[in-house]
Amino acid sequence: MNVRNPGIANFGITIIQSRHSVRKFKEEDIPSEFVRKALECASKAPTGKNKQPWLFVIIKNKGTLSEIAKLAPNGRFIEGAAVGILVFGEIDWRFTVEDCSAASENLLLALHAYGYGGCWIAGNQMPYADAVRKLTNIPETHKLVSIIAAGIPDIGGINLTEKIPLDKLVFFEKYQ
Ligand SMILES: Cc1cc2nc3c(=O)[nH]c(=O)nc-3n(C[C@H](O)[C@H](O)[C@H](O)COP(=O)(O)O)c2cc1C
């Protein structure tokens, strides 16, 4: 394979291929410059009409992380995370979920590239979405799309998922 930009491609592909959800974290913190860099990557995601409809809230306060864990039983592990990043999108924008999802994936990939682990916790349409919004004073003009819990991976907590083989999913020209 003749790769046009070998350095960037090799690194980028390795990061994408090796990303996996992490739900168990060590006690240690993530230095704020890495959180900031990861958020810069989130904000570089593509958006419909370049709308960039998002707001991000960084949560480091243990009490607030515990409150989110109580509200979202499917994301209880956020109470052990070094940081929670809440992704909100403008409610009146038709591509808010797509745009904020692209940003959320960029966040996870950037954190992984820096050696931190993370997991997406459902936000959009979840029963606790509005309670989480109120907790952070985000105005009603925005809704919760995702919650990213992140920290230093605790090796024992990693569960690699199986992916559906590509030949079951990809078709040339027509589905058959
Ligand atoms: C829209 C969305 C919602 C998710 N919600 C949750 C969640 O609430 N709790 C959780 O533990 N994982 C959640 N996940 C993570 C998925 O369970 C995980 O990505 C999937 O099992 C594949 O594993 P991998 O990330 O290691 O590839 C969510 C992922 C997405 C994209």
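Me: When does a residue count as buried or exposed, in terms of C-beta atoms within 10 Å?
Reply: Count the other C-beta atoms within 10 Å of the residue's own. With 20 or more, the residue is buried. It is exposed with 12 or fewer.

Me: Which exposed residues does H2 carry on the face turned away from its buried side?
Reply: This is a predicted model. Helix H2 spans residues 32–42, and its buried residues are Val35, Ala38 and Ala42. The face turned away from them carries the exposed residues Glu33, Arg36 and Glu40.

Me: Why do the buried residues of H2 lie on the same side?
Reply: The residues in question are Val35, Ala38 and Ala42. An α-helix has 3.6 residues a turn, so residues three or four places apart point the same way. The three are on the same side of H2 because their arc around the axis is only 65°.

Me: In what order do the 4 strands of the open sheet run?
Reply: The pairing is antiparallel. The edge strands are S1 (54–59) and S3 (117–122), each pairing on one side only. Neighbouring strands are turned by 20° against each other on average, direction ignored. The order is S1-S2-S4-S3.

Me: Which residue of S2 is the bridge partner of Val57?
Reply: S1 and S2 (residues 83–90) run antiparallel and are joined by 6 bridges. Across from Val57, the partner in S2 is Leu86.

Me: At about what angle does H4 run to S4?
Reply: Helix H4 covers residues 96–113 and lies across S1, S2, S3 and S4. Strand S4 is 142–151. The angle between H4 and S4 is about 10°.

Me: Is Gln125 buried or exposed?
Reply: Gln125 lies in the loop between S3 and helix H5 (129–135). Its phi is near 65°, a positive value in a residue other than glycine. Within 10 Å there are 10 other C-beta atoms, so Gln125 is exposed.

Me: How many other C-beta atoms lie within 10 Å of Asn137?
Reply: Asn137 lies in the loop between H5 and S4. Its phi is positive, near 65°. Asn137 is exposed, and the count is 7.

Me: How many residues of the shell around the ligand are charged?
Reply: The residues around the ligand include His20, Arg23, Asn74 and Trp120. The shell has 4 nonpolar and 5 polar residues. The number of charged residues is 1.

Conventions:
Residues are numbered from 1 along each chain as its sequence is written. This is a predicted model: local features need pLDDT of at least 70, side-chain atom pairs count only at pLDDT 80 or more; totals for chains, interfaces and linings use all residues. A residue is near a molecule or strand if its C-beta atom, placed from the backbone, lies within 6 Å of it. Ala, Val, Leu, Ile, Met, Phe, Trp, Tyr, Cys and Pro count as nonpolar, Asp, Glu, Lys and Arg as charged, and the others, Gly among them, as polar. Two strands pair if DSSP finds at least two bridges between them. Helices (H or I, at least four residues) and strands (E, at least two) are DSSP runs, numbered from the N terminus. Axes are lines fitted to C-alpha atoms, for helices over the stretch in contact, and angles run from 0 to 180 degrees between N-to-C directions. Two residues are in contact if their C-beta atoms, placed from the backbone, lie within 7 Å. The arc is that of the directions from the helix axis to the C-beta atoms.
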